[in-house]
Amino acid sequence: MKAVTKLNTRLERVESAELQLEEKLMSVDRVTKVVKGGRRLRFRALMVVGDGNGHVGVGLAKATGVPEAIRKAGAVGRKRLIHVPVVDETIPHETLAKYGASVVLLKPAAQGRGMIASNTVRAVLELAGIRNVISKSLGSQNRINVARATILALRALTLAEEVASERGAQVPSTEASDATE
């Protein structure tokens with residue numbers, strides 16, 4: 001399977017005002033920029049925002065103070081919300097995504113299996129409402145790139161019904177195949 005590196009589809013805007021959003025702070029880092037007069041100190045915050053019901057976003061922002069960086073990262077996360085197709089608390093199919101040097105593999109899992117994922121991937125998937133999934137983080141373990149690779153993998157997911165409607169075909173029902181066995 002080839003890793004998804006970017007999607008050419010336009011990102012549909014999700015209205016965050018109507019959703020009950022939770023925020024999870026992933027990291028706060030002290031970053032410096034060296035200028036002529038010395039070092040300029042700032043703080044960078046990585047925040048995951050989601051409603052636990054198919055909507056999730058990742059925000060990254062910098063500010064001179066920690067509270068301001070956290071607030072700005074939350075606002076960026078709300079602005080970049082995506083819709084995730086969730087089927088029986090798992091994902092519809094396997095997907096592989098790459099962002100920078102980070103690669104994230106997501107596989108659907110059976111009901112009750114739970115979530116096998118790293119802390120960064122787990123935070124994104126929990127706030128998206130996915131409870132049963134197996135994941136593997138490959139390549140770089142940089143939190144920012146892993147979070148963005150996870151979002152890219154979730155954006156690449158499609159439901160069988162959506163693909164069938166694009167192709168003009170019908171999705172075979174699982175109930176009819178169960179009755180013949």
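User: Is arginine 78 buried, partly exposed or exposed, and what is its relative accessible area?

Analyst: This is a predicted model, in which local features need pLDDT of at least 70, side-chain atom pairs count only at pLDDT 80 or more, and totals for chains, interfaces and linings use all residues. Residues are numbered from 1 along each chain as its sequence is written, and side-chain values use heavy atoms, with hydrogens and water left out. Buried means under 20% relative accessible area, exposed over 50%, and partly exposed in between (1.4 Å probe, protein chains only). Arginine 78 is therefore partly exposed, with a relative accessible area of 31%.

User: With which residue does arginine 78 form a salt bridge?

Analyst: A salt bridge here is a side-chain nitrogen of Lys or Arg within 4 Å of a carboxyl oxygen of Asp or Glu. For arginine 78 the closest N and O atoms are 2.4 Å apart. Arginine 78 lies in helix H1 and its partner in strand E1, so the pair ties together parts that are 55 residues apart in sequence. The partner is glutamate 23.

User: What separates arginine 71 and glutamate 68 in helix H1?

Analyst: The side chains of arginine 71 and glutamate 68 meet in a salt bridge, 2.6 Å from N to O. Arginine 71 is partly exposed at 48%, and glutamate 68 is partly exposed at 34%. Being 3 residues apart in helix H1, the two are separated by about one helical turn.

User: What is the N to O distance between arginine 44 and aspartate 29?

Analyst: The side chains of arginine 44 and aspartate 29 meet in a salt bridge. This pair links distant parts of the chain, with arginine 44 in strand E2 and aspartate 29 in strand E1. The N to O distance is 3.1 Å.

User: What is the phi of aspartate 88?

Analyst: Most residues other than glycine have a negative phi. Aspartate 88 is found in the loop between strands E4 and E5 and is exposed, at 61% relative accessible area. Its phi is positive, near 50°.

Technical notes: Helix = DSSP H or I, 4+ residues; strand = E, 2+ residues; numbered from the N terminus.
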